[in-house]
Every structure is written in C-alpha cells, then in structure tokens.
Amino acid sequence: MSNNYKILSIDESGQASYNHHSKLFVLSGVLIEESFRTYIDAKIKKLKKKYLKDEEIVFHSRDMARKKGPFAIFKDQKLETSFWAELVSLLNNPKISLIFIIANKQKAKKLRWQPKTILHKSYFRLLELFLIQLTKDESRGRIVAESDPYKDRLLIHAHVGLQSQNLTYRSRITSLCLVTKLNQDPDIQIADALATIAGMYAAKTKTKNRIEQIKIRLIERKLKDPVNPSYLEMLI
C-alpha cells in the first residue's frame, strides 16, 4: 500500500432542515494529495492578496455571492470575473478531484426522511466514494470537515459505521479531523466555494453571465476527467 496520503475536505451548501429555504442540500468534498496542500495554500493566499488585499480572509460562499464584507469589491463585475477565472484555473489542476452528494429536499420529505437521514446518507455515500478513489491507487486517506455540533455526530456515525463494516475502509482511512474555518484550511474553503456551484449545476440552472459559465464549466471538466475523476451524485 502506498504511503501517500490524500485529504478529503468537506463543507456544504444549504441545510438538511426542512425549515431552511434551500431546495437542495449539497455535501461538497475536495480531494487532494496531502503533499499538494502547501502548494494550493500558497496559491490561494496569493489570490486573496491580489484581489482582497488580505491573504487571511476566509472564503464564505454566501458572502461571496452577496458581495458582502471584504467581497464587496465583487460589485465590480470585471474584477469578479477576473477573480473567478484565476480561481477556476487553479482548481482545474488535475491533482484536484471533487465529490458532490446532493439531496432534493422535496423528494426526501415525500419519502418521510428526517433531516438527520439526509445528513447520514449523504456522509455515508461521500465516504464510500472517497474509499473508491483511494483504492484506485492504493493510497491512504484522512478526512477534514468543518465542524458543526449537530452534524459532527452524524459524520462520525457514518465514519465509524464504515469502519466496522468494511476492513478496507478501516485500513485506508486513518483519521477524521473536525475544524473551523478559522483553521484556514485551503481545501475546506474551496469545498465551501464550490458547493453552491454544484447545486446550480445539479438544478440545471440557466447560466446568467460569464461568471456562472466559468463556474459550471469547471464542474463539467472535472466530471469528464478520465484519469482523476470527480463525482456528482443525486442522493435522491
């Protein structure tokens, strides 16, 4: 078995709760080699410094979309387009693969799924696909997820369940780490930024401008990559 480690970093868009306005719950995973994280971190910081004037600013997809706080500069559409073109060019690196699990909440509700069922099934499938990726090149893996008190226990439950059911999972996926955005993990921030894009792609939302086209084309290219494939699955 290879000593190489791959990191699966997890974030999301929307909420599994039926009280939340989101129609979709999107679980977003970014998969990169551990040795590649330093390179990505440096590139992301350089991008932030160039456009946001501060390399410590944390990507928040909602603030980016609403052009709030430090992302108010994106009210300049030309600048925003340039930013996304550079970010997408970076993420288009073949060493980065993506995993998205998407749940249609209306369909889940008709099946009488509880919100925790959506979360558990989403985590379980995401981790299964992570294992498939690791098995291809006999790598080991670690999981890094943005922490949330309610969701953490469901992620842990899925992780422990797969450990007990699957000896291969237990031998290949060696740790689970819960972090906050203040930990400044570059791949967590990427997972956050891409989650809403995956939701837009899955909903077949008609692209309205150049920026949305750039985002959607990234997902399309990643899904078509035959060497380091990405996944987008509708859970329901």
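Trainee: Where is Lys 204?
Mentor: Lys 204 is in the loop between H8 and H9. Helices (H or I, at least four residues) and strands (E, at least two) are DSSP runs numbered from the N terminus. This is a predicted model, where local features need pLDDT of at least 70 and side-chain atom pairs 80 or more, while totals for chains, interfaces and linings use all residues. Residues are numbered from 1 along each chain as its sequence is written, and side-chain values use heavy atoms, leaving out hydrogens and water.

Trainee: Is Lys 204 buried or exposed?
Mentor: Exposed, with a relative accessible area of 73%. The cut-offs are under 20% for buried, over 50% for exposed and partly exposed in between, using a 1.4 Å probe and protein chains only. Lys 204 also has a positive phi of about 55 degrees, although it is not a glycine.

Trainee: And what is the phi of Lys 53?
Mentor: Positive, about 65 degrees, and Lys 53 is not a glycine either. Lys 53 belongs to the loop between H1 and helix H2 (61–66), and at 62% relative accessibility it counts as exposed.

Trainee: Let's go inside. Which residues touch the most other members of the largest nonpolar core?
Mentor: Phe 59, Phe 83, Trp 84, Leu 87, Ile 96 and Leu 194, out of 37 residues in that core. A nonpolar core is a set of buried Ala, Val, Leu, Ile, Met, Phe, Trp, Tyr and Cys residues joined through side-chain atoms within 4.5 Å.

Trainee: Which elements supply at least two residues each?
Mentor: Strand S2 (24–33), helix H1 (37–52), helix H3 (77–91), strand S3 (97–104), helix H8 (186–202) and helix H9 (210–224). H8 gives the largest share, eight residues. There's also a second, separate core of 31 residues, and Ile 10, Phe 25, Tyr 123 and Ile 173 are among them.

Trainee: What does Ile 96 touch?
Mentor: Leaving out residues up to four places away in sequence, its contacts (heavy atoms within 4.5 Å) include Val 30, Leu 31, Phe 36, Leu 90 and Lys 222.

Trainee: How many aromatic pairs does the structure hold?
Mentor: Six. Rings of Phe, Tyr and Trp (its six-membered ring) pair if their centres lie within 6.5 Å; planes under 30 degrees apart are stacked, over 60 edge-to-face and the rest tilted. Phe 71 and Phe 74 have ring centres 6.1 Å apart and planes at 35 degrees, so they're tilted. Phe 74 and Phe 83 are tilted too, with centres 4.9 Å apart and planes at 40 degrees.

Trainee: Which residues form the aromatic cluster?
Mentor: Tyr 51, Phe 59, Phe 71, Phe 74, Phe 83 and Trp 84. Lys 48 has its charged end over the ring of Phe 59, 4.9 Å from the centre, and Lys 215 lies over the face of Trp 84 at 4.3 Å. That call needs NZ of Lys or CZ of Arg within 6 Å of the ring centre and within 35 degrees of the ring normal.

Trainee: New topic: at what angle do the axes of H3 and H9 cross?
Mentor: Roughly 10 degrees, and they come within 9 Å. That makes H3 roughly parallel to H9. Axes are lines fitted to C-alpha atoms, for helices over the stretch in contact, with angles from 0 to 180 degrees between N-to-C directions. Under 35 degrees is roughly parallel, over 145 roughly antiparallel, 65 to 115 roughly perpendicular and the rest oblique. Trp 84 and Val 88 are among the H3 residues at this meeting, and Lys 215 and Leu 218 are among those in H9.
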